[in-house]
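The following report describes the predicted model shown below.

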Amino acid sequence: MEESRFQEHMLEEAAQAIRNTIVGRLHDDGLNHHDVQFRVKSAQSAAEKMSRRDEFGNLKYPGGLERLDDLIGVRVILYVESDIDAVAIALSSQFTCHDDEDKTAMIRKNGGIGYAGRHLTLEVPAKNPPTNCREYAGYRFEVQIRTVLQHAWAEFEHDIRFKGTSGDNAEISRAFTMASTLIELADQQFVNIADTLKRLQSEGAIEPVPETQKLDAGSLQNVLNRAFPQYRNSKENQYDWMVHILAANGIDTVTAAEDWFKSIDARKVVKLMAYRFNPGQVRIADDLLLQSFGEAYVAATKSVGSDRNRETKLRSRLRRLRNEWDEPQDT
């Protein structure tokens, strides 16, 4: 019993470290998200799963705990479906990916409706593990990537069908089918809204502002929307973080930010970084500033925010931006 409690305690610590690493990665890449959650399978649930047998009476998981990939589960909940691919690529770059199952694509390909989401089976790599996860090399975990609407549908269905007493009630099944269809339509409309908003922001005239108007998160987002309309919006609090980053480099008014980003050509940075997905606006801004100011930027911003590993990350990215890396690295 003592060993079981110790195992659960270790899994809780590993899950928290993995969750923190994922949040940090999403922040680094400027990827907007609603929430990142984790759970650890209980000892009772793990024992029940390990006792399962196939139709021939053989254990489905003969290797014991080491064969269970879902002792740790993580959910990344996003606002728009079009961000799912970017998050999947980012996490597969950070961790070793053993399986990638796009349930949404499979359902739609087969003409079905129902649960949607992206499932990854990942492992903390033994070679160059993320800083927060060095103690947990070899730990495997599952990640579910969903939109907020997909998440609400899945959670409610699970409560009704698996924890409730509905069984295979036809009326309830039909209602869930209708809800799933509406959610798919709503998710697509969210994507359309986001795309339309980006187009309108990029086409909109730049209203003159006083040269001394102080930069804040809202005005910075407007600046970056005009400067980088082709890149996805970042999480709201990341714009506030970037305001502090810019201030540390002497850029603290709307006019100064507008002028600086107008004067910079992002194409060189994009080519050097070779992003595997379309990053967020704040990530692009961070890399442009790093490319322009170099070591001075590292010194000025290494302590801005709560990421204790920012200096190490900045120096690694600076080597890439200076085209000094000897071998390809994940962004």
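## Packing of α11 and α13

Helix α11 crosses α13 in a right-handed manner; a crossing is right-handed if the near helix is turned clockwise from the far one by less than a right angle, and left-handed if anticlockwise. The contact draws on Arg-283, Asp-286, Asp-287, Leu-290 and Gln-291 from α11, and on Arg-310, Leu-314, Arg-317, Leu-318 and Leu-321 from α13, where contact means heavy atoms within 4.5 Å. By class, these residues comprise 4 nonpolar, 1 polar and 5 charged. Here Ala, Val, Leu, Ile, Met, Phe, Trp, Tyr, Cys and Pro count as nonpolar, Asp, Glu, Lys and Arg as charged, and the others, Gly among them, as polar.

Helix α11 spans residues 281–293 and α13 spans residues 310–321; their axes lie 10 Å apart at an angle of about 70°. Axes are lines fitted to C-alpha atoms, for helices over the stretch in contact, and angles run from 0 to 180 degrees between N-to-C directions. The two helices are therefore roughly perpendicular to each other; angles of 65 to 115 degrees are classed in this way, those under 35 as roughly parallel, those over 145 as roughly antiparallel and the rest as oblique.

## Packing of α10 and α13

Helix α10 (residues 266–273) also packs with α13, at an angle of about 105° and with the axes 9 Å apart. This pair is therefore roughly perpendicular as well. Val-269, Leu-272 and Met-273 of α10 meet Arg-317, Arg-320 and Leu-321 of α13. This contact has 4 nonpolar, no polar and 2 charged residues.

## Buried residues of α9

In helix α9 (residues 254–262), the buried residues are Val-254, Thr-255, Ala-257, Glu-258, Trp-260 and Phe-261. Buried means under 20% relative accessible area, exposed over 50%, and partly exposed in between, with a 1.4 Å probe and protein chains only. The cover over the buried residues of α9 includes α7 (217–227), α8 (236–247) and α11.

## Two loop residues

Asn-32 lies in the loop between α1 (2–28) and β1 (35–40). With a relative accessible area of 19%, Asn-32 is buried. Beyond four places in sequence, Asn-32 touches Leu-78, Tyr-79, Asp-83, Asn-233, Ser-234 and Lys-235.

Tyr-139 is found in the loop between β4 (118–123) and β5 (140–147). Its relative accessible area is 22%, and Tyr-139 is partly exposed. Tyr-139 and Ile-18 are 121 residues apart along the chain, and their C-alpha atoms are separated by 9.7 Å.

## Chain overview and confidence

The chain has 13 helices and 5 strands, assigned as DSSP runs numbered from the N terminus, with helices (H or I) of at least four residues and strands (E) of at least two. Of its 331 residues, 41% are buried. Among contacts between residues at least 6 apart in sequence, 71% join residues at least 24 apart.

The mean pLDDT, the predictor's confidence in each residue from 0 to 100, is 84 for the chain, and 85% of the residues reach 70 or more. Residues 1–6 have pLDDT below 50, and this stretch has 1 contact beyond near neighbours in sequence. Residues 325–331 also stay under 50, with 15 contacts beyond four places in sequence.

In this predicted model, local features need pLDDT of at least 70 and side-chain atom pairs count only at pLDDT 80 or more, whereas totals for chains, interfaces and linings use all residues. Residues are numbered from 1 along each chain as its sequence is written, and side-chain values use heavy atoms, with hydrogens and water left out.
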